[in-house]
Amino acid sequence: MDWGTELWDQFEVLERHTQWGLDLLDKYVKFVKERAEVEQAYAKQLRSLVKKYLPKRPTKDDPEVKFSQQQSFIQLLQEVNDFAGQRELVAESLGIQVCLELAKYSQEMKQERKMHFQEGRRAQQQLENGFKQLETSKRKFERDCREAEKAAHTAERLDQDINATKADVEKAKQQAHLRNHMAEESKNEYAAQLQRFNRDQAHFYFSQMPQIFDKLQDMDERRATRLGAGYGLLSEAELQVVPIIGKCLEGMKVAAESVDAKNDSQVLIELHKSGFARPGDLEFEDYSQVMNRVPSDSSLGTPDGRPELRAASSRSRAKRWPFGKKNKTVVTEDFSHLPPEQQRKRLQQQLEERNRELQKEEDQREALKKMKDVYEKTPQMGDPASLEPRIAETLGNIERLKLEVQKYEAWLAEAESRVLSNRGDSLSRHSRPPDPPATAPPDSSSSSNNSGSQDNKESSEEPPSEEGQDTPIYTEFDEDFEEPTSPIGQCVAIYHFEGSSEGTISMSEGEDLSLMEEDKGDGWTRVRRKQGEGEGYVPTSYLRVTLN
């Protein structure tokens, strides 16, 4: 079934229908254009959102990147950014394949439709003109017939009138004959015009207009087919990016599954582990026992002989992490201001960077040497002397970097030994204390101060581990001793102590020492060798103390 056969008399209907089809095409193009703008705006907002939440600092300078949570979040943001890129591709595809091409196609369809309807209107106009000519010839034939009949009646009436002259009768007959001839010619013309119109009308309705309608039908069907293909492009644009979007979503899933809480806990340990041993236990301070001491400038008691409260000396008590306020840190080149473990890591990083720079400079030196050899063999390629300054500069950089590598290696070795020492102290802290000697050292001062020896009996019964030897971050000693220089008592070392940390002093088992300052609650006592060779802190639990 076709329009030319079935809709031969629906010219206006076809005109409205084809116009509606083109309007629908334009409407779809406008819809896709706005859809592409929505996709573009959506992608832009997603990119802005990703940019807002991405870390501002470079990845290598951001310690938080070491955590799997942060890595997963960054990966998630990157996948969202890639997803936004796919939305931009959808918008671009819709804009080019749908908007531009369908808009161009719509203009072509409008021109074709205009041409077909102009042709149809010309055919209609020609048929109407033929019909007008037919009507004109018909009216003329009708008028000539009436005139011929009237002339015939007039001639017959004069022929029967006895009063009419012969000339009048002849004239009337000639007029009737003329009118009859004119009517005959009008009849022939009308018949010819009618035949011509019928032929034109048959051609119009059975050939010309059906062809035009068939062309319009073909045009409209092509437009509908193209519009349907345009509908498919909407989904095709989405299907093209579905694999990539699927990968983005899979990447988001992988990022979510990459969060490792245990590993993050280990990363936190590696980032912030100081390497120091834990501080020792605080000793009990017995204020209930009165210590009879001679008042002096070096005595820890009050002028009236009563024991001085610890609160009075708390101002000078050593600080203990994490309760004490940290001093202002001075950054040093060897990172000695950092805890041992962090110092070791930073030194390792610096050493690796210097080695990379050194390797780069050595590669550059080799390249310059090869280039110089080429210049020497082929002078037209360049002057070998022009490379001397660069070679000399490279050699200088190599020497400088080698010195820096040696310097950092020495610092690193020292830091590693410090870490190992602190690890040993930390392990010994959780182990069983060493057994006391079979025979306790003699207590030479028991007769003069029974209370002092009784107070220190507990120390001799349970010898401590050397837990405070290398813990400068927990126990900070004042380098400038502000106490009086005269001893306030005597003490005997009941265990050997190395004294390898800053502010401490080594002592041998059984060594007699002068007591310069009592324990302030941090487990350390300041002593001086009697020969005057040195002064520093030793563990209180390693001593048997006798006050003056």
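Q: How do you know how far to trust this chain, and what is its mean pLDDT?
A: The model is predicted, so local features here need pLDDT of at least 70, side-chain atom pairs count only at pLDDT 80 or more, and totals for chains, interfaces and linings use all residues. pLDDT is the predictor's confidence in each residue, from 0 to 100. On that scale the chain has a mean of 80, and 80% of its residues reach 70 or more. For bookkeeping, residues are numbered from 1 along each chain as its sequence is written, and side-chain values use heavy atoms, with hydrogens and water left out.

Q: Which elements have the lowest and the highest mean pLDDT?
A: Helix 10 (residues 457-461) has the lowest, at 40, and helix 2 the highest, at 94. Helices here are DSSP runs of H or I with at least four residues, strands are runs of E with at least two, and both are numbered from the N terminus.

Q: Where does the pLDDT stay under 50?
A: One such stretch is 426-484, for which the model has 110 contacts beyond four places in sequence. Over residues 292-321 the pLDDT is also below 50, and that stretch has 57 contacts beyond near neighbours in sequence. A contact means heavy atoms within 4.5 Å. Where pLDDT is low, the predicted coordinates should not be read in detail.

Q: What makes the 43 residues a nonpolar core?
A: The term covers buried Ala, Val, Leu, Ile, Met, Phe, Trp, Tyr and Cys residues joined through side-chain atoms within 4.5 Å. In the largest such core, with its 43 residues, Y28, L94, M209, F213 and L216 touch the most other members. Helix 2 (11-53), helix 3 (68-160) and helix 4 (166-257) each give two or more residues to this core, with helix 3 giving the largest share, 17 residues. Another core, of 18 residues, lies apart from it and includes I488, V527, Y542 and V545.

Q: What is M209 in contact with, leaving aside its neighbours within four places in sequence?
A: M209 is in contact with F11, G120, A123 and F204.

Q: Why do strand 4 and strand 5 count as edges?
A: The open sheet has five strands in the order 4-3-2-1-5, with antiparallel pairing. Strand 4 (535-539) and strand 5 (543-547) each have a single partner strand, so one side of each is left without a neighbour in the sheet. Neighbouring strands are turned by 40 degrees against each other on average, direction ignored.

Q: How do you know which strands pair with strand 1?
A: Two strands pair if DSSP finds at least two bridges between them. Strand 1 has four bridges to strand 2 (residues 512-517), in the antiparallel sense, and five to strand 5, also antiparallel. Within these pairings, Q490 stands opposite S514 in strand 2, and G489 has L547 in strand 5 as its bridge partner.

Q: Why is S514 called buried?
A: Buried means under 20% relative accessible area, exposed over 50%, and partly exposed in between (1.4 Å probe, protein chains only). S514 is at 9%, so it counts as buried. Beyond four places in sequence, its contacts include P487, G489, Q490, C491 and V527. Strand 1 (residues 489-493) is mostly covered too, with four of its five residues buried.

Q: What makes E333 and K407 a salt bridge?
A: The test is a side-chain nitrogen of Lys or Arg within 4 Å of a carboxyl oxygen of Asp or Glu. For E333 and K407 the closest N and O atoms are 2.7 Å apart, so the pair passes that test. E333 lies in the loop between helix 6 (310-313) and helix 7 (340-377) and K407 in helix 8 (residues 388-429), so the pair ties together parts that are 74 residues apart in sequence. E333, at 48% relative accessibility, is partly exposed, as is K407 at 29%. The structure holds 23 salt bridges.

Q: How do you know that E535 and R528 are linked by a salt bridge?
A: Their side chains meet at 3.1 Å, N to O, which is within the 4 Å limit. R528 also has E535 in strand 4 as its bridge partner, and five bridges join strand 3 (residues 524-529) to strand 4, which run antiparallel. E535 is partly exposed at 25%, and R528 is partly exposed at 23%. Salt bridges that share partners join E517, K520, R526, R528 and E535 into one network.

Notes. Axes fitted to C-alpha atoms, helices over the stretch in contact; angles between N-to-C directions.
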